[in-house]
Amino acid sequence: MSKLTRLGFQHAGSATVFAAAWLSTAAYAVNDLPGGPAVNQLNLHPAVTRIAEEQHWLHWFMMIICVLIFVAVFGVMFYSILKHRKSVGHKAANFHESTVVEIAWTIVPFVIVIAMALPATKVLVAQKDTTSADLTIKATGIQWKWGYDYIKGEGEGIGFVSTLDTAQRQMSNNGGPKAGETAPDNYLLKVDNPLVVPVNKKIRIITTANDVIHAFAVPAFGIKQDAIPGFVRDTWFRAEKIGDFYGQCQELCGKEHAYMPIHVKVVSAQDYTAWVAGKAKEAAALADDPSKVWTLVDLKARGEKVYTANCAACHQANGKGAGPIKPLDGSAIVLDADHNKQIQILLNGAVGGAMPSWKALSDTDLAAVASYTKNNWSNQTGQIVQPSEVVAARK
């Protein structure tokens, strides 16, 4: 077989692989996601805040200036090269210390820089003005989910954890949508508890993190703020449109980085008030008496729900863990009759933050998930962790 023939087969094979990959991608294609990414999106997200609109204007303003400079500089350069080349008889001029040229190349760039800096500074200052907020929410980055605490304004005291939808995570773990299966438009962006805020209200977001550096970002709002352990940063937005808007952690925060979405649900003032009332009822229902003595059956049933919502993403539904994530099935700490060992890890985390703290969960939820892990899979210990033990461990 000639070398040319072999090259032909190689190129044909590459083309076949590329075509198969393209067809596979087309088969799993999703539609545009309102408030989120669009198919083949080239421009910035449609803006729903004034700041985002100004960022879009700045983007095009700067782009136009840069293009004009590029065209002017390279146009003059290539014109000079073409029209004044030596081959057509031109000779290079010999001059130096031109005062006019030196003044021109000092003043013109200075004017351009000022013209670019003034509107940019105005937008930057506005981005940092978090005063007079109607609602203040703390967003805590946790590997790999977000914790939200409403700390000022209507809804003060509400707190919850927002985690990637379990069904979508399982779909991803299985290699994505199967042949003939259609991926949802919000694939890997759907969460169990979206962040809910009222429309046309100034929302201050305070960011921090439990473990590593994360970043809270929602492109439609024009916001991106790092969430750093031990530090508090803030940003703000005022959504002018009702709807669902999506973002993702924009720092490389570990192997599950791609599974840390942000879903902000903007609702009317009336719907927000109703949501706050509903959350208050949920909190009251979950505020169990910590002195209540539970049966193992009831704790396991509740613990399974807590585990599925908060633990299964890392430790897996079968408790086997994955990679550096330690298995719970057969774990010495889980099997230990000293319940405090497991409770302390649930409360304070472990492995330098790789295992996050779950202090935000109620005493009953923590007791339930501990009892569930002690009595599931091969861990049939018969041990019961009561909420009162968690209460004692918190002190």
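**Entry 1: the S6–S7 hairpin**

I began with the hairpin that S6 and S7 form, where four residues lie between the two strands and Gly222, in the turn, has a positive phi of about 70°. I note here that the model I am reading is a predicted one. The two strands, with S7 covering residues 223-227, run antiparallel and are joined by five bridges. Taking Phe216 as a reference point, I looked up its bridge partner in S7 and found Gln225.

Five of the five residues of S6, which covers residues 214-218, are buried, so the strand is largely enclosed by the rest of the structure. In a regular strand the side chains alternate between the two faces of the sheet. For S6, I recorded that His214, Phe216 and Val218 point one way while Ala215 and Ala217 point the other way, and that residues of both sets are buried.

**Entry 2: backbone geometry**

Next I went through the backbone angles. The peptide bond leading from Gln143 to Trp144 is cis, its omega being near -5°, and I located Trp144 in the loop between strand S1 (135-142) and strand S2 (145-152).

Ser132 has a phi near 55°, which is a positive value in a residue other than glycine. I placed Ser132 in the loop that runs between helix H3 (99-127) and S1, and because its relative accessibility is 69%, I count Ser132 as exposed. Trp377 likewise has a positive phi, near 55°, and is a residue other than glycine; its place is in the loop between helix H10 (363-374) and helix H11 (387-394).

**Entry 3: two loop residues**

I looked up Asn193, which lies in the loop between helix H4 (166-173) and strand S4 (195-198). Leaving aside residues up to four places away in sequence, Asn193 touches Phe160, Val161, Ser162 and Lys279. From Asn193 to Pro261 I noted 11 Å, C-alpha to C-alpha, for a pair that is 68 residues apart in sequence.

Val39 is in the loop between helix H1 (3-27) and helix H2 (50-83), and with a relative accessibility of 43% Val39 counts as partly exposed. With residues up to four places away in sequence again not counted, Val39 touches Val30, Asn31 and Asp32. For Val39 and Pro119, which are 80 residues apart along the chain, the C-alpha atoms are separated by 31 Å.

**Entry 4: the whole chain**

The protein has eleven helices and ten strands. Its radius of gyration is 29 Å, well over the 21 Å that the globule rule gives for 395 residues, so I describe the protein as more spread out than a compact globule. The C-alpha trace spans about 100 × 75 × 40 Å along its principal axes.

Of the 395 residues, 37% count as buried. The accessible surface comes to about 22400 Å², and carbon and sulfur atoms account for 63% of that area. Among contacts with a separation of 6 or more, 66% are between residues 24 or more positions apart. For the charges, I recorded 37 positive and 33 negative side chains, with the centres of the two sets lying 8 Å apart.

Key:
Residues are numbered from 1 along each chain as its sequence is written. Side-chain values use heavy atoms; hydrogens and water are left out. The radius of gyration is taken over C-alpha atoms; the globule rule is 2.2 Å times the number of residues to the power 0.38. Buried means under 20% relative accessible area, exposed over 50%, partly exposed in between (1.4 Å probe, protein chains only). Contact means heavy atoms within 4.5 Å. Accessible areas come from the Shrake-Rupley method with a 1.4 Å probe; for residues, only the protein chains shown count as cover. Lys and Arg count as positive and Asp and Glu as negative; His and the chain ends are not counted. The place of a charge is taken as NZ of Lys, CZ of Arg, CG of Asp or CD of Glu. Two strands pair if DSSP finds at least two bridges between them.
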